[in-house]
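Here are my notes on the two interfaces in this model. Please read them beside the structure.

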Amino acid sequence: DFRAFPGVLAHLEMLEARARREAVQQEEKEKWEEKLAFLKARAQELRLLRDELRDKVEQQEKVQLGKEGILSDPSPRAVLEWKIRSLQNLLQVFHLTGISGKLSNRSACFSIHTAYEGFSLDSFHLELLLRPGLRIQRHSIPAFIPLEQISRKLLHSDLRSFLDLLSRHLNAFVGRRHQLELLQEHFSDWIQGTPQRNSLCNLLSFQYHIPGKSRSFPFQARLLYGDPCRSLPTEVTVSCSPDAPAPLAEAASAHSELLRNTALHRAFHSLKSME
Amino acid sequence: MDNSICQAYEDEIQALKEEIRLLTDKYEDIQQESTFFSDEEILKSIKLFQRETKGYESPSDLKAQLETLERDLSFLMKLTGFHFTSHSKKTLEKTRNRTVQKHRLSGKCHSLSFQLEFQLLETQNKEKVSTVVTDLSIIMDSREDSDVSKFVSSTEEHGDLVTFFRSLSAYAEWYEHRRRTFLHFK
């Protein structure tokens, strides 16, 4: 009758619990030791592989200094794989000229890769259906680019010119946007407030001052890029408030001239170096 | 049961995997960039490869890939008018998210030939790959021509390949048109 021995029951439960705990701890310890052994072996394996590769590359560099080619007696598969990689490299070169394309039986897919002065920027895509008549199936051209107008004029008569004109619009848009981004990045302490721009980035207006000089008479710049295929503005107005001192008013017209002829961020670099 | 020991091994394993990846890339790059096979050697290899794999894996895979690439390239060359006659590339530097390559390219657009050399910096930031063209040098026979030298000098200065090729294409077409007109009147 255990009611007479409550301590015994409790003691038995305690022993049971301890045994369970110790079993769990033992299991965990064994698991950990197993894991450690595995990691040790894996590291060793990789170290050997790494050393092997290092030797291979060193050998290769020695041979390269001497002979013309390394692949002595290559298998047909190796030759074909070499050719495949060469062709892929050539496609990469086309990509750098601004275009990629793939032709299939039913469609032609083009990508226009934009860049500004060597810096790659956005890529835009077009899928053209070839049959029954050439038409645009899908595209990622933004709505403010006159795609329909351009395709009406050129798509069916001169595919090359169509892509060329589209590429001009896109590169100019991206170039204008990039110039503004560079301006905001490098001249954030010159700019007051937030520059205003439209989606096409061909209308720009912002306020700026030259650091160290009078903050209370900021310049107001307004740029209009009348030619959507160019990344330089056609009209620039730089003004300052009517009660600003005369030298500032003179500076405003000099700035205006500079901004008309030089890329936005570069114009500001000139202004900075003149200070 | 010190977790830091396990962590140290795990870190080493990651570092080794990364190093192995870079060494493998380097080995393959050097292999690729210092070899050349002529068109006859390619054709011969295609025949040998087809014979070898007859009955085993589908021999068409490599051959099909080759044919697709050649078709896409020929399509682009016809479309753009740029015929690249030779291209070589050398990997100068390669780390986890940064690659620097030196490219040499020659080709023709209509009757105008050109030779380019440039460096290409490729950086990987999350999913996006960006490239920057630097040290662009352009050689063209007609460079003394004032029209040509205008677009060549400015695009060369800024590494602007896109504008160079666009200007080249426009100029080459005009030049070709003028040449044909003169011939017509001879």
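**Notes on the interfaces**

1. Between domain 1 of chain A and domain 2 of chain A the count is 1 salt bridge (a side-chain nitrogen of Lys or Arg within 4 Å of a carboxyl oxygen of Asp or Glu). Glu117(A) pairs with Arg266(A), with the closest N and O atoms 2.4 Å apart.

2. The model is predicted: local features need pLDDT of at least 70, side-chain atom pairs count only at pLDDT 80 or more, and totals for chains, interfaces and linings use all residues. Side-chain values use heavy atoms, without hydrogens and water.

3. Domain 1 spans 93-173 and domain 2 spans 179-274 in chain A; the bounds come from an automatic or database domain assignment. Their C-alpha centres lie 33 Å apart. The contact (heavy atoms within 4.5 Å) takes 9 residues from domain 1 and 11 residues from domain 2.

4. The two domains of chain A bury about 810 Å² between them, 64% of it from carbon and sulfur atoms. Buried area is the accessible area (1.4 Å probe) that two parts lose on being put together, summed over both. On the domain 1 side, Tyr116(A), Phe144(A) and Ala172(A) lose the most area to domain 2, together 54% of what that side buries.

5. Now the chain interface. Here 75 residues of chain B are in contact with 67 residues of chain A. About 6900 Å² is buried between the chains, 68% of it on carbon and sulfur atoms.

6. The rule finds 8 salt bridges across the interface of chain B and chain A. Arg50(A) forms a salt bridge with Glu19(B), with the closest N and O atoms 2.8 Å apart.

Key. Residues numbered from 1 in each chain as written. Chains lettered and ligands numbered in written order.
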